[in-house]
Amino acid sequence: MVRGLPSPASLARFCQRLNRLKPLEESTMETSLRRCLSTLDLTLLGVGGMVGSGLYVLTGTVAKEMAGPAVLLSFAVAAVASLLSALCYAEFGARLPRTGSAYLFTYVSMGELWAFLIGWNVLLEYLIGGAAVARAWSGYLDSMFNHRIHNFTQAHIGTWQVPLLAHYPDFLAAGIILLASAFISCGARVSSWLNHTFSVVSLVLILFIIILGFILARPHNWSAEEGGFAPFGLSGIMAGTATCFYAFVGFDVIAASSEEARNPKRAVPIAISISLGLAAGAYILVSTVLTLMVPWHSLNPDSALADAFYRRGYSWAGFIVAAGSICAMNTVLLSSLFSLPRIVYAMAVDGLFFQVFARVHPQTQVPLAGIIVFGGLMSLLALLLDLEALVQFLSIGTLLAYTFVATSILVLRFQKAPASSSPGPASPGSRVKEYHSFSDHIQLVGTEQASGPEPGQLRPALRPYLGFLGRGSPGAAVAWALSILVASAITLACVLVFGDSALHLPYWGYILLLLLSSVAFLLSLLVLGAHQQQRQQDTFQIPMVPLTPALSILLNICLMLKLSYLTWLRFSIWLLIGLAVYFGYGIWHSKENQREVPELTTTRYVVFPSTSLEETVQTVQPTSQVPAREPSPTEQPASP
């Protein structure tokens with residue numbers, strides 16, 4: 001071996017560290033945070049995260065530029081698509097009542113490195129999202145006072161012409177973030193009460209808009225003289241769906257808050273379902289009355305709802321709509337500031353992020369350091385940066401998190417359930433093997449033959465017909481099917497999004513690639529469906545697995561591929577920064593390092609290849625007792 005290069009064994013150990021999994025501790029309810037949130041609290045958190053500035057800005061933009069009055073269909077399809085991802089979050093949130101959301105879900109199923117990168121992207125999502133909402137909040141409030149705040153700032157400070165910086169500092173946006181951070185630091189109950197207030201006011205104002213909008217409705221605005229119901233056709237409806245999808249991305253705040261829920265197994269699925277239904281109903285009904293009040297082609301994209309009431313002679317209603325938009329944006333801002341420090345807290349508790357963020361205030365029982373540091377960083381972004389160019393950056397991180405959560409559902413469904421009993425001291429004669437990676441977890445399936453079929457094994461009714469799927473190592477068919485499912489989903493999404501012209505393929509090659517990727521996607525679904533899954537009676541589980549997560553994966557990849565190349569470039573740079581943080585700090589301070597220490601002092605099984613039909617198993621004593629040497633493949637197992 002070349003001097004200075006790592007040995008294959010050290011490289012294998014290093015790769016194993018990257019893929020090690022956080023133990024799946026489903027039953028634990030112990031936490032340093034305060035479990036004080038009810039189902040209503042979680043529901044209003046979810047509604048506040050979804051029904052925000054998008055209701056007052058997105059509806060007019062999509063209606064005028066993409067779908068026309070058929071924007072209500074775009075919102076309906078987007079709601080169904082979001083439901084696929086929401087169900088995945090609901091199952092994980094009920095099964096793992098710990099803070100961390102997509103980061104935690106990836107950690108227990110896909111591996112440590114992937115989990116860190118997902119958590120790293122979620123941090124940026126909340127930072128930029130909260131700062132952008134604060135900027136929009138400042139702009140709406142400024143417009144209510146005839147832009148006096150904007151004019152005052154420019155007159156006394158001036159404007160800047162610096163790339164990536166805003167034209168002028170937005171002190172109002174920075175101030176509202178600092179004020180919201182102060183309320184969040186007072187505890188979960190205080191922030192929940194504040195969110196209740198703004199959410200109830202926002203919902204009442206939305207109800208007011210719907211009722212008055214239907215009173216002022218003119219069905220003629222949907223007639224053929226005004227362009228018809230769907231002037232842009234099916235392509236316009238689907239283009240609007242891709243944009244409307246991002247209106248429903250706030251439901252993950254519920255999963256992120258599950259560690260503070262009183263009864264997360266029941267509250268999290270109910271809260272996600274109700275909040276998504278309320279948000280979908282609000283978006284569909286508001287977009288309906290908006291296009292019925294005024295012709296879709298005359299809408300003002302910047303303030304469509306308020307402008308519609310002004311044009312119908314109800315200026316007082318337009319002022320109420322502007323006030324309602326500010327309340328709605330307050331709830332989104334509170335949701336971002338509520339979730340962000342808890343994601344940081346989860347990563348710090350696991351040792352992947354700086355330990356100062358793992359401290360919980362003894363009185364308020366909130367991660368105070370994370371609230372102060374990241375609240376200040378968010379206010380700095382809102383103060384100085386031009387966030388319009390970075391808003392698209394939010395989408396790719398959110399969609400990537402959705403994709404990994406859906407994949408994690410498939411991984412956990414087909415792996416053996418952990419023992420429910422609490423681990424006790426190991427008996428002297430016990431032998432324990434640790435499983436640290438995704439492949440190990442898949443191989444764990446079927447290693448113990450019980451009376452009933454284990455998760456990941458072929459269904460008994462199908463064994464006479466599909467017995468060849470079980471001839472390999474345990475779990476190999478499931479692992480291969482899952483890998484092919486993801487690869488075929490990526491290929492199929494590229495074919496559907498880019499088409500034959502962008503891929504520079506002849507028409508027959510395009511059709512062949514479409515058929516092959518579709519067949520591979522369907523066959524992998526059938527192979528997964530032929531294997532036994534985990535069934536838990538007392539916890540919510542997604543229906544129609546593996547179909548539901550697979551459709552979520554395919555949809556999320558399609559939406560990611562529709563983003564610009566510049567967005568992917570910025571995303572790659574952010575990932576490189578995250579990798580530097582992980583390899584510089586996280587991998588060395590991970591709590592999983594402490595779990596590996598007992599392996600040096602406990603007896604382990606090591607399996608060596610053998611020429612016989614049965615594997616030769618040798619018991620290896622601690623390195624301090626037995627000199628290190630390379631055993632031969634034909635050695636017999638030593639007596640314990």
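Biologist: Why is Trp-574 called buried?

Modeller: Its relative accessible area is 18%. Buried means under 20%, exposed means over 50%, and partly exposed is in between (1.4 Å probe, protein chains only). With 18%, Trp-574 therefore counts as buried. Please keep in mind that this is a predicted model, where local features need pLDDT of at least 70 and side-chain atom pairs count only at pLDDT 80 or more, while totals for chains, interfaces and linings use all residues. Residues are numbered from 1 along each chain as its sequence is written, and side-chain values use heavy atoms, with hydrogens and water left out.

Biologist: How many aromatic pairs are there, by the rule you use?

Modeller: The count comes to 25 aromatic pairs. One of them joins Trp-120 and Trp-574, with ring centres 4.5 Å apart and planes at 15°. Rings of Phe, Tyr and Trp (its six-membered ring) pair if their centres lie within 6.5 Å; planes under 30 degrees apart are stacked, over 60 edge-to-face, and the rest tilted. The pair of Trp-120 and Trp-574 is therefore stacked.

Biologist: What makes this pair a tie between parts of the chain?

Modeller: Trp-120 lies in helix H6 (residues 112–144) and Trp-574 in helix H22, so the pair ties together parts that are 454 residues apart in sequence. Helices here are DSSP runs (H or I, at least four residues), as strands are (E, at least two), numbered from the N terminus. Trp-120 is buried as well, at 8% relative accessibility.

Biologist: And why are Phe-357 and Phe-374 called tilted?

Modeller: Their ring centres are 5.5 Å apart and their planes stand at 55°, so the pair is tilted. Phe-357 sits in the loop between helix H14 (315–349) and helix H15 (368–384), and Phe-374 in helix H15, 17 residues apart. Phe-357 is buried, at 8% relative accessible area, and Phe-374 is buried at 8% too.

Biologist: Which residues do ring pairs link into a cluster?

Modeller: Phe-14, Phe-116, Trp-120, Trp-574, Tyr-582 and Phe-583.

Biologist: How do you know that Arg-342 lies over the face of Phe-338?

Modeller: Arg-342 is 3.8 Å from the ring centre of Phe-338. The rule asks for NZ of Lys or CZ of Arg within 6 Å of the ring centre and within 35 degrees of the ring normal.

Biologist: What makes Glu-112 and Arg-20 a salt bridge?

Modeller: Their closest N and O atoms are 3.0 Å apart. The rule is a side-chain nitrogen of Lys or Arg within 4 Å of a carboxyl oxygen of Asp or Glu, so 3.0 Å qualifies. Glu-112 is in helix H6 and Arg-20 in the loop between helix H1 (8–19) and helix H2 (39–50), 92 residues apart. Glu-112 is buried, with a relative accessible area of 0%, and Arg-20 is buried with 0%.

Biologist: How many salt bridges does the structure hold?

Modeller: Seven. Among them is the one between Arg-98 and Glu-259, at 3.6 Å from N to O. Arg-98 is partly exposed at 23% relative accessibility, while Glu-259 is buried at 4%. Arg-135 and Asp-170 also meet in a salt bridge, at 3.9 Å. This pair joins helix H6, which holds Arg-135, to the loop between helix H7 (148–156) and helix H8 (171–184), which holds Asp-170. Arg-135 and Asp-170 are both buried.

Biologist: Is Ser-235 buried or exposed?

Modeller: Exposed, because its relative accessible area is 57%. Ser-235 belongs to helix H10 (residues 233–244). Ser-235 and Met-66 are 169 residues apart in sequence and 8.7 Å apart in space, C-alpha to C-alpha.

Biologist: Where is Ile-577 found, and why is Ile-577 called partly exposed?

Modeller: Ile-577 is in helix H22 (residues 565–589), and its relative accessible area of 41% explains why Ile-577 is called partly exposed.
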